[in-house]
Amino acid sequence: MSVQNTAGVKASARRELVLSEDNLEDFARGAAFLGTGGGGDPYLGRLMAKNAIREFGSPRILGVDELSDDATVAFVAMIGAPTVLCEKGASGDDIDCAVQELSAQIGRPIDALMPGEIGGFNSTLPVVAAARLGLPLVDVDGMGRAFPSIAMVVMNFEGISACPFVLVDDHLNKVVVKADTAQRTEDISRSIAIQMGMSCLSAGYAMSGAEVKRATVHNTLSAALQIGEAIREGRKAGDPLKALIHVLETHPIYGFAQEVFSGKITDLRRETTKGFSIGNCRIEAFDGAGCMADVQFQNENLVVLVDGVVKAIVPDLIIIVDAETGEPIPTEALRYGQRVSVIAVAAPDALKTPQALAHVHPRCFGLDFEFTPIEVLAGAARA
Amino acid sequence: MDKQEFLRIGVDVGGTNTDAVLMREGEVLASVKSPTTAQVGDGIVAAIAHVMTQADISPDAIGIVSIGTTHFTNAFVERRGLDRVGVLRIGLPAAKALPPLTDWPDDIAAEVAADIEMVRGGFQFDGRPYADLDEAAVAAAARRFRKQGIKSVAISAVFAPLNGAMEERAGEIVSSEHPGSSLTLSCDIGRIGLLERENAGIMNASLATLATETVGGFRTALKKLGITAPFYISQNDGTLMSADFVEKYPVLTFASGPTNSMRGGARLAGLKDALVADIGGTTTDIGVLRGGFPRESSIMTDIGGVRTNFRMPDVCAIGLGGGSLVSVDGDRVKVGPKSVGYRITEKALVFGGDVLTATDIAVAAGYADIGDHDRVRHLDPAMVEAAVTEMHRLVEDGIDRMKTTGGDAPLILVGGGSVLINRALKGVSEIHTHEEAGVANAIGASIARVGGELDKVVSYDGEGREAAITAAVSEANERAVAAGADAASLETMDIEELPLAYMPGGSVRLRIKVAGDLAVAHGGAA
């Protein structure tokens, strides 16, 4: 494949974003936060990115305004189960192979890569891919958070096809899915992923620079880094939650964040239904007044209720963090007795359009609630 | 053998002290605290001889000896007497982006890992092979290790906990190409999570020579004493391993210390569900007992900077101990986290030193009888009262962190610093202390049980949840009996189900843990 390093790049005055071994931990922690409890082990993703940067150098990160309209951009992601990921990792060759096969399918080189989701493992995997292939990474993603389906991305909401969608296993076996809808692409890919050993690399959503500008969530790689930095700096200053909320409130994509509850986890239920990790985490207030919060999750956190009243609901972001350190806690690491805070963050506007809500409305996750934005819920509580 | 007359000796070999207890059922017949010696065996001989003389017991009356030790943990952390290891991973083409020793501190990686080889082979999540084992590459690596004089080899394979066949075959090849080398197979020591399991395997391989020497030292010590009873060594989850097993898998002793002190405390108090605070010279370790065993931590544990996924007790360490420094800052009195540590007997006021410590406060407040009381009479009663309040508040805070239910729970105090606490504590229903609380570690070692564990991915869609769990529990039971447990006493300690997210098919990772009393009549071989 002929890859071009500089095609589609325009000059910009924007502060250059660089991911290096030094700030990968901040980036991975910020991405784990935006992963809202899901997205897989950010630790392995960080290690892989560290190794790739050591071997191939830091990938160039492009602001969306630096991208020319006729550039070709694609997303890379891992599809599978986090438990399998922690045994098999990725070979590296499989990442290269997925991008090269997509390029062959569309008949033109890929100029830049982007993450499908900015949460957990799938936010660091594109860093590995970009470093290995010498391609720039665009400072955008498909949802500004994590969701469990490749159909739940702004590209799909805006009518961009996921296909051709390439799946590659660690033996470099390739399957190209050409399906009519993103949902069908997701369903077919999942069945193939089982045969591929429950962990495979994917590349898809090949699109133009103009489409990236129109149909992605912007500045989310830099948001992840800023969030990670805020947590680290906040720890030094003694109040990581305050620093975290400040950076989100002043961020152009999110703009609203609030601590909706803090307390101790007193009950935790998990079950498997239809291949998802579904459960409920109950948190009791510190002050002993008997106030309770329930966070329901399906891989990602979906809704937080305080004494039965909805305080934040999907697609808004709900994150459980360690009450003292601000460390985001993935749903699989929640346990009895942890002291936690529940942070709610307004979803990017692109997730709240009617087309988007057709895919990410609370009902799409089996919740019998309307979607009320966190800003409105918080206003009602104050009134 | 009559179970009533079954005598047990428990020994705890720590960095500073070697403690021994002689037990008949739940009763402590004799106990001693003596210094750890450079040759650990000498300290053990002295301690055991002391308790046997004290209770007037002949060596042939001893039914079992169990030893808890932090020797191997300390050796790894301090990088003392470690072997250079040849690392062999079976997994290509998978996992190539995360080679062995990824994320080890560079200096310890350089010291431990002499050579690394990755070869083809490995299994899928359901135990099917995804690539045949590259036997020629294994043989070539073994010959290279031999040429370089590397005697200890760590072998790991992708999804080996589900299917150990490739690690075993590779082990045979290494043994035939490199006779006399010592082998560690990852499937024997770790759970799912390739890097963490492989790390544990490499750590274990680095301890091979030390394990042979140390266990040999234990054997010689018991022989000198004329004790022919089987002896066991306790592991991190409070269950026992035979001495032969520890020679092969010393890494499994990591973190057995906190487990033994918590279980020993539980035995002294006669409780199975309680909080335990082990107050030492510098820190207080607070843990939770459930059904007589410590609640385990769900987070990854770093040992000497290396990430592992051992079963470890969930312990909250707070900076309060007998040697904690007490200082006055305006109208606030601060206790810890700095401490004079083991030098308390020269530094504390009551011992003639010039440093105000938590122990001095307990003496000044009139509830501890240690050292020279006159040396703390001059202290301001208001300051003493504030410091006492602060010490109790620190423990209350730690207790609140560890509690999982709202109500009050009983608290067992163990360790030399337990004299610091004498008032009622918030969140605690009653405080249990015991005159033998100082040797709780050795008592814990003496009553350790035999465990069996299973960790595998099953499909509920195939056989149904109930049947899958029943089958898994009986497999864990078989493992426990094979390890020497009395089948009638087996209890299921833990069933953990982790759904494999994103995938249909009802695939679940099941983790089962069972434990039972040692089968006394069979004794077991050591």
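Predicted model: local features only at pLDDT ≥ 70, side-chain atom pairs only at ≥ 80, totals over all residues.
Started with Tyr232(B): I looked across the sheet and found Ser242(B) in S12(B) opposite it. Strand S11 (residues 231-234) of chain B and S12(B) pair in the antiparallel sense, over three bridges. For the record, two strands pair if DSSP finds at least two bridges between them, and strands here are DSSP runs (E, at least two residues), with helices being H or I runs of at least four, numbered from the N terminus.

Residues are numbered from 1 along each chain as its sequence is written, while chains are lettered from A and ligands numbered from 1 in the order in which they are written.

**Chain B, the sheet**

I then traced the rest of that sheet. It is open, with six strands in the order S3-S2-S1-S4-S11-S12 (chain B) and mixed pairing. Which strands stand at the edges? I get S3 (27-35) and S12 (240-242) of chain B, each with a single partner strand, so one side of each has no neighbour in the sheet. Neighbouring strands are turned by 25° against each other on average, direction ignored. Angles run from 0 to 180 degrees between N-to-C directions, and axes are lines fitted to C-alpha atoms, for helices over the stretch in contact.

Next, the helices on this sheet. H1(B) packs on it, touching S1 (7-13), S2 (17-24) and S3 of chain B, and its direction makes about 145° with that of S3(B). Contact means C-beta atoms, placed from the backbone, within 7 Å. Helix H9 (residues 256-269) of chain B also packs on the sheet, touching S1, S4 (62-69) and S11 of chain B, at about 130° to the direction of S4(B).

**Chain B, helix pair**

H1 (residues 40-55) of chain B has a helix partner too: H7 (residues 208-224) of chain B, with the axes 8 Å apart and an angle of about 30°.

**Chain A, a hairpin**

S6 (residues 165-168) and S7 (residues 174-177) of chain A run antiparallel, joined by four bridges. Leu167(A) has Val175(A) in S7(A) as its bridge partner. Five residues separate S6(A) and S7(A) in this hairpin, and Leu172(A) in the turn has a positive phi of about 70°.

**Whole-chain numbers**

I count 15 helices and 25 strands in chain B, and twelve helices and 16 strands in chain A. How many residues of chain A are buried, as a percentage? For chain A it is 59% of 383; for chain B, 54% of 526. Buried means 20 or more other C-beta atoms within 10 Å of the residue's own, exposed 12 or fewer, partly exposed in between, with C-beta atoms placed from the backbone.

The C-alpha trace of chain B spans about 80 × 55 × 50 Å along its principal axes.

Definitions and conventions: Contact = placed C-beta atoms within 7 Å.
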